[in-house]
Amino acid sequence: MTAPAKKYDINSVVSCFLKDEKLIKACVFGGGHINDTYVVKTEDKNGVERKYTLQRINHNVFKKPWEVMENIINVTVYLSDMIKRDGGDKERGTLSFLFCKDGKSYCKDADGNYWRCYKYIDNARTYQEIEDGKLFYNVGEAFGKFQKYLADYPADTLHETIPLFHNTKDRLNNLRIAVKNDIVGRLREVEPELEKIFKRENDTGELVDKLEAGILPLKVTHNDTKVNNVLIDDDTKLGVCVIDLDTVMPGLAAYDFGDAIRVGASTGAEDEKDLSKVNFDIDLYSCFAKGFIGGTGGLLSKDEIESLPAGARIMTLENGIRFLTDYLNGDTYFKIHRPEHNLDRCRTQLRMVEHMEREYDEMMRIVREAGKLI
Ligand code: ADP
Ligand code: GN1
Ligand code: MG
């Protein structure tokens with residue numbers, strides 16, 4: 001637990017979900033860029049203490065929080081069943097949400113904020129960065145299994161919680177608009193980054209075009225597979241639970257693979273200012289690839305496996321584009337902790353893209369090899 005929560009009336013939010021328990025403590029938690037997360041400790045009338053994770057859903061990002069929650073409830077119930085069938089621990093293997101008195105899985109506070117609450121999973125933690133190959137293998141396996149479990153989930157029943165989320169061409173268009181408007185006057189500072197991005201304009205269509213041509217199949221994917229979106233068990237160090245399910249939607253296997261690589265296979269943090277510390281580590285990439293491909297349990301076609309290196313390059317480029325767009329728009333989307341935060345994040349991503357381009361053949365060889373192992 002870190003700093004105590006001040007900004008919201010956490011007490012009344014907690015009472016919506018837990019009428020027989022009283023709040024003892026609430027602390028700000030986690031390093032996500034989108035939602036406000038708290039760990040809350042409660043006590044029931046017998047003095048039994050419990051812990052929950054309470055989250056304010058960012059409704060600037062998710063315009064229809066009720067649709068996000070409908071997806072999440074349906075997916076977690078389904079996952080829990082699949083995990084049980086697979087012999088896993090359904091209590092720890094997926095998030096377990098609480099419902100309010102009115103039967104809803106979220107509540108709205110007096111200021112119009114949307115909240116959700118789920119059971120805290122003890123004896124596990126998230127890592128912001130990973131240097132240990134075995135741990136990164138385990139993260140890959142957790143995300144691979146996530147796709148395996150959801151392979152037969154009816155994708156067309158899911159709401160698109162953020163339209164065109166991984167449409168990299170559309171992301172580039174948004175950057176163009178931000179450049180044109182230059183509403184906070186930062187354009188002159190970012191010329192080198194813009195040049196690097198626009199030089200790669202053709203790459204932005206690489207996955208989207210294959211999807212439209214029917215070469216790559218649409219599946220249920222997580223779409224936000226940063227390493228800190230998997231809980232790692234403190235004892236076994238296995239990936240125990242995939243969290244942050246807001247963007248579970250139809251997508252490509254390459255999105256989930258690639259989005260994890262851009263931070264997880266970097267030797268530096270996503271927001272490292274000293275770029276000499278940010279290098280693409282092909283050994284970490286290889287560990288993740290084996291874990292991920294193995295985790296899917298033979299579910300990926302040859303075309304999908306061969307799309308994974310492109311996924312890494314393009315998801316990294318896409319995040320570079322998104323961070324720069326937000327910087328030009330005056331930092332309205334991602335949480336920032338310093339004025340140039342989004343620009344720093346953009347720069348690490350572009351450096352990672354350059355490194356991956358150099359190692360592309362080896363990246364391809366590794367996934368082909370890992371594909372043969374299963
Ligand atoms: P965001 O969209 O803001 O990233 P997340 O659902 O990922 O929201 O939560 C933010 C962070 O909070 C996570 O990256 C993780 O570090 C932490 N977190 C969330 N839920 C849990 C949990 N049940 N156990 C441990 N850490 C958690
Ligand atoms: C956000 O929510 P979080 O911090 O796990 C973002 C991802 C980006 C990521 C960049 C809903 O992820 O798409 O890749 O930041 N989530 C959303 O670090 O936009
Ligand atoms: Mg997150």
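Reader: Let's start with helices α8 and α9. What makes α8 roughly antiparallel to α9?

Author: Helix α8 (residues 253–264) and helix α9 (residues 282–295) pack with their axes 10 Å apart, at an angle of about 150°. Angles over 145 degrees count as roughly antiparallel, under 35 as roughly parallel, 65 to 115 as roughly perpendicular and the rest as oblique. The angle between α8 and α9 is therefore in the roughly antiparallel class. The axes are lines fitted to C-alpha atoms over the stretch in contact, with angles running from 0 to 180 degrees between N-to-C directions. Helices here are DSSP runs of H or I with at least four residues, strands are E runs of at least two, and both are numbered from the N terminus.

Reader: What sort of coordinates are we looking at?

Author: This is a predicted model, in which local features need pLDDT of at least 70 and side-chain atom pairs count only at pLDDT 80 or more, while totals for chains, interfaces and linings use all residues. Residues are numbered from 1 along each chain as its sequence is written, chains are lettered from A and ligands numbered from 1 in the order written, and side-chain values use heavy atoms, leaving out hydrogens and water.

Reader: Good to know. Which hand does the crossing of α8 and α9 have?

Author: It is a right-handed crossing. The rule is that the near helix is turned clockwise from the far one for right-handed, or anticlockwise by less than a right angle for left-handed. The contact is made by A253, D256, F257, A260, I261 and G264 of α8, together with L284, Y285, F288, A289 and F292 of α9. Contact means heavy atoms within 4.5 Å.

Reader: How many residues of each class does the contact of α8 with α9 have?

Author: There are nine nonpolar, one polar and one charged. Ala, Val, Leu, Ile, Met, Phe, Trp, Tyr, Cys and Pro count as nonpolar, Asp, Glu, Lys and Arg as charged, and the others, Gly among them, as polar.

Reader: Now α10 and α11. Why are they called roughly antiparallel to each other?

Author: The axes of α10 (residues 302–328) and α11 (residues 341–358) come within 8 Å and cross at roughly 155°. That value falls in the roughly antiparallel class, which is why the pair is labelled that way. Their crossing is left-handed. Among the residues that make the contact are R313, F323 and Y327 of α10, and R345, M352 and E357 of α11. The residues of this contact divide into eleven nonpolar, five polar and four charged.

Reader: And what makes α5 roughly antiparallel to α6?

Author: Their axes are 12 Å apart and the angle is about 150°. By the same cut-off, α5 is therefore roughly antiparallel to α6. α5 passes α6 in a left-handed crossing. L172, L175, R176 and V179 in α5 meet L194, I197 and F198 in α6. By class, that contact has six nonpolar, no polar and one charged residues.

Reader: G185 is in the loop between α5 and α6. Does it count as buried or exposed?

Author: Buried means under 20% relative accessible area, exposed over 50%, and partly exposed in between, with a 1.4 Å probe and protein chains only. G185 has 52% relative accessibility, so it counts as exposed.

Reader: What is the phi of N123, and what is that of K237?

Author: N123 has a positive phi of about 60° although it is not a glycine, and phi of K237 is near 65°. Most residues other than glycine have a negative phi. N123 is in the loop between β5 (114–119) and β6 (124–125), while K237 lies in the loop between β8 and β9.

Reader: Last one: how do you know that H59 is partly exposed?

Author: Its relative accessibility is 31%, so it counts as partly exposed. H59 lies in the loop between β3 (49–57) and α2 (65–85). Leaving aside neighbours within four places in sequence, H59 is in contact with P65, G112, N113 and Y114.
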